[in-house]
Protein chains: 2
Amino acid sequence: MQKQPTIRDVAQAAGVSVAVVSRVLNPGSGPVADATRRRVRDVIQALGYHPRTAARELKHGPPTTLGLMLADVSNPFFARLADNVVREADARGIQVLLMTTQEDEHLESECLETLIERRVSGVIATPTGDNLDIWKKLQDIGTDMVFVDRSIPSLPEVDVVGIDNVESARSATGLLAAYGHKRIGIVSGPAVSTTGRDRIAGYRLAVEAAGLEVDERLVRHAAFRGAAGGDAVTALLNLEEPPSALVVANTAQVTAVLRRLSHAGLSIPDKLSVVVFEDSPWTELMTPPLTIIRQPVDLLARHSVQLALAKTSGKSNGKPTTIRVAAELVERSSVSRL
Amino acid sequence: MQKQPTIRDVAQAAGVSVAVVSRVLNPGSGPVADATRRRVRDVIQALGYHPRTAARELKHGPPTTLGLMLADVSNPFFARLADNVVREADARGIQVLLMTTQEDEHLESECLETLIERRVSGVIATPTGDNLDIWKKLQDIGTDMVFVDRSIPSLPEVDVVGIDNVESARSATGLLAAYGHKRIGIVSGPAVSTTGRDRIAGYRLAVEAAGLEVDERLVRHAAFRGAAGGDAVTALLNLEEPPSALVVANTAQVTAVLRRLSHAGLSIPDKLSVVVFEDSPWTELMTPPLTIIRQPVDLLARHSVQLALAKTSGKSNGKPTTIRVAAELVERSSVSRL
DNA sequence: TTGTAAGCGTTATCAT
DNA sequence: ATGATAACGCTTACAA
């Protein structure tokens, strides 16, 4: 464990001033004679010098860090999102600070404080929906914010990236209706989440478009964490007139729902047709292979990073942007004709 | 977008010196009158002041950041690891910089440079096995390093956390042998990875212990990324005397392997018995439910964070530690009696 | 082309 | 109990 050389050490060893070293470090920031540049480079190499990020940031906070605040990285959807965000960011030379809220507003508020103290250039987040004041504060200090997957309607000045949840749920439900199902249930995210609400909205649209009536008993919300998804399914199955088809629109709860179905001995698609919002490679391996709504995670990530960096890099009209990318309905074998 | 108040603004508004403000910010760093403390606190609140991390780090680089360098976060195993590491770190008030190498040494070297420039207090990583010199450099500047899941034997001064791969593969293979299987195949990670090698070693042990001979044609290595896992299985199935049982010991490739099996119309466990290294909740939902080796990701994460922070916090004997946690063989229904 | 010196926002060491 | 002030390592006018 040795003391690290500073820019001064380099300057001294190279027989130049720190300004010159700084200039070779940041090309374009000023003229340096070729010979000098070479000499300095060699010394840097020899000494194993690395400029210290903290000092650079302090001087003129360069946008080199992005905060990524997700609900839960163990959820494959968010995991893939994180993977793609990190790659996109890395390609632009910027680093990602990963935080998870576990859907807890208190944890979220702590993360937000940290983000403020770090003066990150941008934040990509799946907000819980709470902590409005802190979000505003973060915005005030000039942090570029992007909400991904969900949003907070009362924070309209934020960029949003996600799929068209209404349309996706509509097409999923529509598929079920087209296959002759009359009683279609849905398990979606919490009613407070925009995602959960939008998917229910799309569901209603499709049910009505099919000339059916929306039976509120068939509409269930499940919290993101815990066994809520399973309970919702159980409730659905215990109905006097249980559904013959089900839309599982809560990505976080898909496995919980399927586990309950399996334990109940429900065979898919004979007893129950199913279409789920999920990207996991495992869905294809199920018996039968599951019909799914696939979200283009790579696009979500790319747009998020782009937006998070757009304002900083000047290329932004200043107005908040909302990007909706199309989700794909992948038909496999978990839906039967009634 | 407004200018953020500094400690000086707070001092002025509160009618005290910056030193006093600093003291109320860092309790225990010096005496402050109760009345003064309250007044300063109020001003901080009113102004919405947040101390700037970059400045703090510059002064006396406090170990507030941990680097987490994983191969691939879209792999559920690493995703869950990341989730747990972030939680453990957060509980200790420290933040996580997430980076992915995609198993690429070049990308890894870039990540390492970044880590050096940031002067992170510690790094938790799944190393590619390359970039020895940079790893050493990182170590030289006093970064606490922990390798998780794999290791680099030629870097003995690094803490290592993982499961006992030899023993895990031994027990998985042993189970198959106990069920009467004579020809047992294995698909493991690349031969260069310690993980891949160890699992093969455990496999050999078990095969020999069962009084069988190791047929090298039944031993396959598959790269972490791409379709290598599937190809390995195909090769195995095309053997003159194909295996009746298979250990899939490459966590990153499990779905690829299963997909190939499924496409080949191989029914599990009738045609082929299978036990896989995998933690995904989906394994239980498969038909039949898969017998798996489950890695205690939470323990791996906890130990990793502890070790990464131990040296900094002084509580370390200085000697490199290796922690092996037990993996669990979860018997389900993908193994048949022969 | 190169050097000097003034910050950036904190913390820490002295005095007071 | 509080206040000046010197670092920390870097960038950047401005001078030379």
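Through which surface do the copies, chain A and chain B, meet? In this predicted model, 100% of the interface residues of chain A are also interface residues in chain B, so the copies meet through the same surface.

Begin by selecting chain A and chain B, and superpose chain A on chain B: a rotation of 180° with 0.0 Å of shift along its axis does this, at an RMSD of 0.1 Å. The two copies are thus related as by a two-fold rotation axis.

Next, display the contact between the chains, to which chain A and chain B contribute 48 residues each. On the side of chain A that touches chain B, at least two residues come from each of α4, α5 (76-91), β2 (95-100), α6 (105-118), α7 (132-140) and α11 (254-263), and α5(A) gives the largest share, seven residues. Coloured by class, this side of chain A shows 21 nonpolar, 14 polar and 13 charged residues.

Staying with the contact, select β2(A) together with β2 (residues 95-100) of chain B, two strands that run antiparallel and are joined by three bridges; A:Val96 has B:Leu98 as its bridge partner in β2(B).

Finally, select DNA strand D and the 27 residues that surround it, the closest being A:Ile7, A:Ala55, B:Ser17, B:Ala19 and B:Pro31. The elements giving two or more residues to this surface are α2 (18-25) and α4 (53-60), in chain A and in chain B, with the largest share, five residues, coming from α4(A). By class, the surface near DNA strand D holds 15 nonpolar, eight polar and four charged residues.

Conventions. Residues numbered from 1 in each chain as written. Chains lettered and ligands numbered in written order. Predicted model: local features only at pLDDT ≥ 70, side-chain atom pairs only at ≥ 80, totals over all residues. Least-squares fit on C-alpha atoms with pLDDT ≥ 70 in both. Contact = placed C-beta atoms within 7 Å. Near = placed C-beta within 6 Å. Helix = DSSP H or I, 4+ residues; strand = E, 2+ residues; numbered from the N terminus. Nonpolar A, V, L, I, M, F, W, Y, C, P; charged D, E, K, R; others polar. Pairing = 2+ DSSP bridges.
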